[in-house]
Amino acid sequence: MIIQNLSIYYLSSLIIHQEQIVWYDLVPSYVHDRFLSVVISQITFADGVTICIVILYIEFEKHKNMEDTTRKFVCIHGHFYQPPRENAWMEIIEQQDSAAPFHDWNERINFECYAPNTSARLLDYENYIIDIRNNYSRISFNFGPTLLSWLADNDRTTYQAILDADKKSIQQFSGHGNAIAQVYNHLIMPLANRKDKETQIIWGIKDFEFRFGRKPEGMWLAETAVDTETLEIMADQGLRYTILAPRQGKAVRKIGADKWETLPPDSIDPRRPYQYNLPSGKSISLFFYHGGIAQGVAFQGLLNNGEYFAQAFTNIFTDTQEPQLAHIATDGESYGHHHRHGEMALSACLRHFEQHPDIQLTNYGEFLDLHPPTWEAQIHENSSWSCVHGVERWRSNCGCNTGGHPDWSQAWRAPLRDSLDWLRNILIPVFEREADKLVHDPWLARNAYIDVILNRSRDTIDSFLQKHSKNPNQSAAERTQILRLMELQRYAMLMYTSCGWFFDEISGIETDQILQYAARVIHFARQTAGMNLTESFVDRLRKAPSNVYPNGAYSYEQYIIPNQVNLGRMAMHYAASSLFEEYPEQLDIFNYMAHSEVLHQVKAGSQQLNMGRTIIKSKTTYSEKHFSFAVLYLGQQNMIGNVSVDMSRFDFDQMTAKLNSAFKQSNIGEVIGLMQEEFGPDKFTINQLFREEKRSFLKDISDQNLRNIEFWFRDIYNENYQLMSSHLTSNIPVPAQYLNAVQLVLNLDLKAVFSTSFARVQELKRLLDEFKKWNVDFEQQSSLAFDVGEWIYRELQQTLAEGIPKSFPRVRNLRSMLSMIASDLPFNIDSWKSQNLYYSMLKNYQRLPLDKQDKDWEQAFTALGHSLRVRIQKPKD
């Protein structure tokens, strides 16, 4: 069965003479003799001739002239995208508990999908790794600009591997790169006004050029939502093609023919490109992906087996001399996140076609050059891939939903869009009027503002202002006004991100996210034009029904408005966190900068009083304010603070002396009274801290208390160990209270083992024996599994750093630890990072000259590879 499912293996007979293959059968003629063999049986004759029955693993070599003869092509497109998750004010992703053990969902999906696809493993018939490949170099793909920005900041290695894969694909595919652009923030283009369409396409192109260093040939439309105006703008910007769903094709005809053939739903032939003629006289090419295979990937388990995946493409080819392109487009997250190890199935599928004599991998740009469209198509206007009703999912209760709450209504979608349209439209003339006072062309400046978004350095901002400002010597206030107007427009587009309508409830996190952007728009409208739009906006949201709350405004009023951030709120954050952090004179805090003028700290046991003056400055708009503050910490989570924007330095010094005197006399009541007298009744507590800071603050306090709890439980464990053992030997149940202490101590100790370098096998064995003896549970298994995987990776990194032969003890210890982990821990370890690093180390070692190699180290390292399930192949001469 294994042999049947793996087409890259062949059952064969060989005759070997003097260690050379002199004959073999049942192997296709288009291969050469690089292989890994597993002998089933053999007979050696006296003359040295050996006849073997083997399983051959063959590395294929295509005919050199295949490009000239191939008429069958395969292209797999991955749409890699995550909705923006950054707090709209601080522009950082706050911790998301549902993504544990990771900080947030971007981090988790990156670990499961984006990073593994840069180094996807290929397995042999025994499930040992025989090769590691970068899938991005062999598939067409697009990454959402906001996701790529996150990767650039949070996983530079994966980010760079994606860029490198595109460069490699240019060499592989006749000068055409695999990467294509995407409309900037995934809004539904047919529902956008023309100005927004233009900016979305321009920003998407500019972002692509900034990252990939070339112009894109194609562009991905959010949800493949399309209309003619969007295609017209794409053609104006020099884009050659886009990818659509099969149901979006309306009619086709051969170029030059008179009669259009109207198509039944989902019946367009996806194996050819189509020309779409535009009203302007220009044209753009359209690729309609194969819906059946795409559905199989997303919903029908096609990624359970790479060979089945490949066969699905092969099955759609017909015997014709016309060039055929078998291609699909799916969410890129299918390959590892939605489907565990989907990246490996993808890699196996790609390997199948790389070895196939009659089928060639390609990308859309190369295929267009090789085989330009001979047919043209019409589209269904305002259609998409994820709504059978066109684009109604993003503006009406059309019936499309996730299926998770079949009794819920999506009647909120239309009022939500109406509310955002009202906000956008009322501010268009305001933007034009206010911006026209300061810049040459407001809309041209908006299109160019992507340069600032991509690089918020002082030089970039200065260059942008010099180019677009009417006044080359603009004041600080004018600079801030221009930047605020540009940010207003940025958020006015971000608030249309498609995810806000995709799911079932208006109070969901995706809709709350776009309402954060709307709140930012309202904030900038007040700052730039003195308009207060909150009440009118909330009134409109109240027309949107909710399945959870009284109406659509409830979530906005409860969770969005109270969490808005301004310079004053940032000053509160700075003041509170000054109790626990040692701040330098200047500090970056999220999307702001704090410059400390003076900070006084007075401590009395667990109580503390901080008084200071600081300047808080926005890194986005360069607006700034001067604040004075006093904050009193009373222990545990209790704090009281005050902030002032108009206190002079003289008044601050006088206040500091009074507060200092009262605090040193232990007169806390007088301290609080003086703070109210100097600052007024408005105060802040822990509740005014940002969620991320509040989480950190509470964790620090809890950790102190938990250390005490651990001490008490460890004392119970140690002092009562023999007593508990007597219960066991007497076959008497150990009291649950004792077992609770045992479970806590053992789990803490096990976690500690994998937080230290060069963990000892003896300690791990002792702990595992204790778990068995007391029959207690392993806690937080997913988190522990992640910790173990990271420990293995760190040990390999340390092995690499120590070098040969110094790392010999570490390699041997790690091998022993892995054996115990595999046999005794009751959960699976995701060790792809370690396997990839080991594979790289193995290849580097095999390239060393013999005098640099070490046989003892090599033997231990080879055994370690067996534990990591990496096939050790002798290097080719």
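Guide: A helix's expected span is 1.5 Å times one less than its number of residues. Keep that handy for this predicted model.

Visitor: OK, how far does helix 16 reach from its first C-alpha to its last?
Guide: Helix 16 has 19 residues. At 1.5 Å a residue, 27 Å is expected for it. The model comes close to that, with a first-to-last C-alpha reach of 27 Å.

Visitor: And how many of the residues of helix 16 are buried?
Guide: Here, buried means under 20% relative accessible area. Helix 16 is largely enclosed by the rest of the structure, because the buried residues number 16 of the 19.

Visitor: Which helix do Asp421 and Arg424 both lie in?
Guide: Their side chains meet in a salt bridge, at 3.7 Å from N to O, and both residues are buried. They sit three residues apart, about one turn of the helix, and that helix is helix 12.

Visitor: How many residues apart are Arg214 and Asp166?
Guide: Their side chains meet in a salt bridge of 2.8 Å, N to O, and both are buried. Arg214 is in the loop between helix 6 (194-212) and strand 10 (219-220), while Asp166 belongs to helix 5 (residues 156-172). The pair links distant parts of the chain, and the separation is 48 residues.

Visitor: How many salt bridges does a search of the whole structure find?
Guide: Side chains of opposite charge can pair when their charged atoms come close. Some of these pairings join up, as in the network that links Asp131, Arg133, Arg138, Arg351 and Glu354. Searching the whole structure gives a count of 55.

Visitor: Switching to nonpolar packing, how many residues has the largest nonpolar core?
Guide: The residues with the most contacts inside it are Ile76, Phe143, Phe309, Phe313, Leu423 and Phe537. Leaving out residues up to four places away in sequence, Phe143 touches Phe80, Tyr114, Tyr136, Leu148, Leu151, Ile162 and Gln182. A second, separate core has 47 residues, including Ile132 and Leu837. For the largest core, the number is 182.

Visitor: How many disulfides does the count come to?
Guide: The cut-off is 2.5 Å between two cysteine sulfur atoms. Cys349, buried at 0% relative accessibility, has its closest cysteine sulfur in Cys75, 11 Å away and so too far for a bond. Cys398, buried with a relative accessible area of 17%, is in no disulfide either, as the sulfur of Cys400 lies 3.8 Å away. The count comes to zero.

Visitor: Last one: which residue's backbone oxygen lies 2.5 Å from a polar atom of the side chain of Ser578?
Guide: Ser578 is found in the loop between helix 21 (567-577) and strand 19 (586-589). Ser578 counts as buried because its relative accessibility is 0%. The backbone oxygen at 2.5 Å from that side chain's polar atom belongs to Ala575.

Methods: Residues numbered from 1 in each chain as written. Predicted model: local features only at pLDDT ≥ 70, side-chain atom pairs only at ≥ 80, totals over all residues. Heavy atoms only, no water. Salt bridge = Lys/Arg side-chain N within 4 Å of Asp/Glu carboxyl O. Helix = DSSP H or I, 4+ residues; strand = E, 2+ residues; numbered from the N terminus. Buried < 20%, exposed > 50% of the residue type's maximum accessible area, 1.4 Å probe, protein only. Core = buried A, V, L, I, M, F, W, Y, C linked by side-chain atoms within 4.5 Å. Contact = heavy atoms within 4.5 Å. Polar contact = N/O pair within 3.5 Å; in protein donor to acceptor, adjacent residues only side chain to side chain.
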